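Please read the following report alongside the sequence and the coordinates. It is organised by structural element.

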Amino acid sequence: MSLVDLPEAPSTRGALGRLARSELRLVFGRRRNIVLLIGLALVPLVLGLVLFLTQDSALGGQGPGFIGNVTGNGLFLVVAALFICLPFLLPLTIGIASGDSVAGEASAGTLRYLLVVPVSRTRLLGVKALGALLFAGAAVLSIAVVGLVAGAVFFGLRDITLLSGTTVPLLDGVVRVAGIVAYVGLSMTGLVAVGLFFSTLTEVPVGAMAATVVVAIVSGVLDQLPALHVIAPALLTHHWLGFAEFLRLEPDWGVLGQGLTLQAAWVAIFGALAWSRFTTADVSS
Amino acid sequence: MVVAVAVGIGFAAPPLLATAGSDGLPTITPEQLAEQVAAAEQQPLSGTVVYTARLGLPELPFSKVTGANPVSLLGGSSTMRVWTDGAERSRAALLGDVSEYSVVQDGPQAWTYSSTDNAVVHYTLDDADTARYDDLAAKAEAGDLPVEGDLPTPAEAARQAVTMAKAFSTVTLDAQTEVAGRDAYQLVVTPTSQTTLIGRIVVAVDAATSTPLRLQVWSRADAQTPALELGFTDVTFGTPADSVLSFSTPPGASTKDVVVALPEHDATTATVPGALPEGVTVSGLGWDSVVQVAGVDVAGLLAGDPAAASALPGADRQFDSKGAQQLYDQFAPEKDAGSPLGTLDTSALYDQLTTAVPEGRLLSSALLSVLVTDDGRVLVGAVPGETLQALAR
């Protein structure tokens, strides 16, 4: 793209909206991102199919986590698929999208053109964050929606049995599972902020992506070490499994609040770091 | 909006004012505190209890392997939710990451439910015992329990307890504290013996309701953190919802019925204080007491003796699928079926927890020592392992 191709400098009014729209088109139109979303959506589909085909065999109805519950109630396919994707696939997807957000533009040489748009760097970063956040939401939703549909088709939806052994009506169950989806989605915001920060540090998108995924995985590993229980509550992944609270008899909102507060803290810290880096960086590419 | 905020502040203000004078609780004696606890009615409440054991045993991450499981209480930290109506209905749930182990009691019957196995165990009394239970409950309501005359009043019982405790310990009140956001008195029992492993026991008692809120057991070795701590991190006084206190078996869960016998409370069968079952001897006084049990087949228990194992919960695993049941029956040897640890190797666990000593195998923790001698005696006491070894020789 040469300078001649650029449209005439648009008026400042509406530039932010246009920028946001173009960013969303960029994020959701990119073939890599679409493949990632399809890949995530395949998880509940394949899981459901396998469980459907094996339910009458010797190993039917068995499995770790929530997999054993799926054949009895399709609603659990959503939970089981999210539980499977949570440690690695979701962080990987989100790391790729958020790590690419700024570094991708820099490596393609398009970042300086973006800076010509009459929108402040702070708002530009905000638009990039919005794109990455919406992609994270779409990733979680694609698992949930496909899981719900596949679960309903394969196993049917019925009243849900909670971890406490109490059976609650289907509608209550759907609300609870929706709560799980929302909580898992919000649990990804801290990772998006981390990815955004790494993305402002480098012009090599792969580096930012890898660093983001590594943060999630290392955090998960450190969380397992009993010797580090002092710092565990501050780790990014510490409250990720807190979604189980929705499947208890009386969800403890305090536990869920802790998880969301932790994510908010990570967003605040890494958002601020990304902002201070991006607004002062010397962009040459 | 303004009204909502005002109402919110209105609700928030009284507790704030109440907690302002934390050290403004009236001064009382240990005897008075014990008396209040004994006289207090059991409160309906719901709350979160955190249990932490720092017993110096090897870390056993059971809940990571098997989901919420009572065995995980051996070490580390566990969170429980408890609900009780203050009478005969209650629920306690041991929380795992994405699992739960629930115990629900409703009068004469009780259920346990493990979300990991989707298994229910239903404990009931047989018909005769149920009738007797109802009879006792009705009499208790009417206030004419047959044993009423023999029971001391709460105040007397409390005084007796404090007197007995004072025989081997010093009983004092520590500075008032706050547990789960409530003002509490702290009763401290310090053993006078210098040879026991126990440093002191601290009980925090809610000032308003006289409900014990926290129990800490400190070992003599570690003055920084309690070896055992069981306390509310969050408590609300009030009757829980009916749905919490009731239980109905979820569809698809495996169930197992266990009939338990109601213990006899007749005066004729009441155990005489000091009379011990055969093969059990106690040596030492107070905190230094060592219980010795002879003729225990430890090896047999560990190997999962079918007779003993079949009595344990979870012995007959049931699968929804017939094929799975056949597969399981085929591959699960009868003797392993009863282990509450599932597939964990109990004898390897035993080897890991204990150390070899000349007399047999010794388990030493911060608060308790257990010595299993080669000739089948088991010695247990809150004393150092060396004391047990000397006794066993």
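## Basis of the model

This is a predicted model, in which local features need pLDDT of at least 70 and side-chain atom pairs count only at pLDDT 80 or more, whereas totals for chains, interfaces and linings use all residues. Residues are numbered from 1 along each chain as its sequence is written, and chains are lettered from A and ligands numbered from 1 in the order in which they are written.

## Chain B overall

Chain B has eleven helices and 18 strands, these being DSSP runs numbered from the N terminus (H or I with at least four residues for helices, E with at least two for strands). Of the 393 residues in chain B, 25% are buried, a term for residues with 20 or more other C-beta atoms within 10 Å of their own, C-beta atoms being placed from the backbone. Among the contacts in chain B with a separation of 6 or more, 57% come from residues 24 or more positions apart; a contact requires C-beta atoms, placed from the backbone, within 7 Å.

## The twelve-stranded sheet

Twelve strands of chain B form an open sheet in the order 7-8-9-10-11-1-2-3-4-5-6-12, with mixed pairing, where two strands pair if DSSP finds at least two bridges between them. Strand 7 (169-179) and strand 12 (254-260) of chain B each have a single partner strand, so one side of each is left without a neighbour in the sheet. The twist averages 15° from one strand to the next, with angles running from 0 to 180 degrees between the N-to-C directions of axes fitted to C-alpha atoms, for helices over the stretch in contact.

Within this sheet, strand 1 (residues 45-53) and strand 2 (residues 76-84) of chain B are antiparallel and share nine bridges, and Ala53(B) has Gly76(B) as its bridge partner in strand 2 of chain B. Helix 2 (residues 30-39) of chain B lies across strand 7, strand 8 (182-191), strand 9 (198-206) and strand 10 (212-219) of chain B, at about 65° to strand 7 of chain B.

Strand 17 (residues 369-373) of chain B is mostly covered, with four of its five residues buried. Five bridges pair strand 17 of chain B with strand 16 (residues 360-364) of chain B in the antiparallel sense, Leu362(B) standing opposite Leu371(B), and these two strands form a hairpin with four residues between them. Strand 17 of chain B also pairs with strand 18 (residues 378-381) of chain B, antiparallel over four bridges, and here Val370(B) stands opposite Val380(B). In the hairpin of strand 17 and strand 18 of chain B, Gly376(B) takes a positive phi near 85°.

## A helix pair in chain A

Helix 4 (residues 75-85) and helix 7 (residues 121-154) of chain A pack at an angle of about 140°, with their axes 7 Å apart. That angle makes helix 4 of chain A oblique to helix 7 of chain A, since angles under 35 degrees count as roughly parallel, over 145 as roughly antiparallel, 65 to 115 as roughly perpendicular and the rest as oblique. Leu75(A), Val78(A) and Leu82(A) are among the residues of helix 4 of chain A in this contact, and those of helix 7 of chain A include Ile143(A), Gly147(A) and Leu148(A).

Methods. Buried ≥ 20, exposed ≤ 12 C-beta atoms within 10 Å, placed from the backbone. Contact = placed C-beta atoms within 7 Å.
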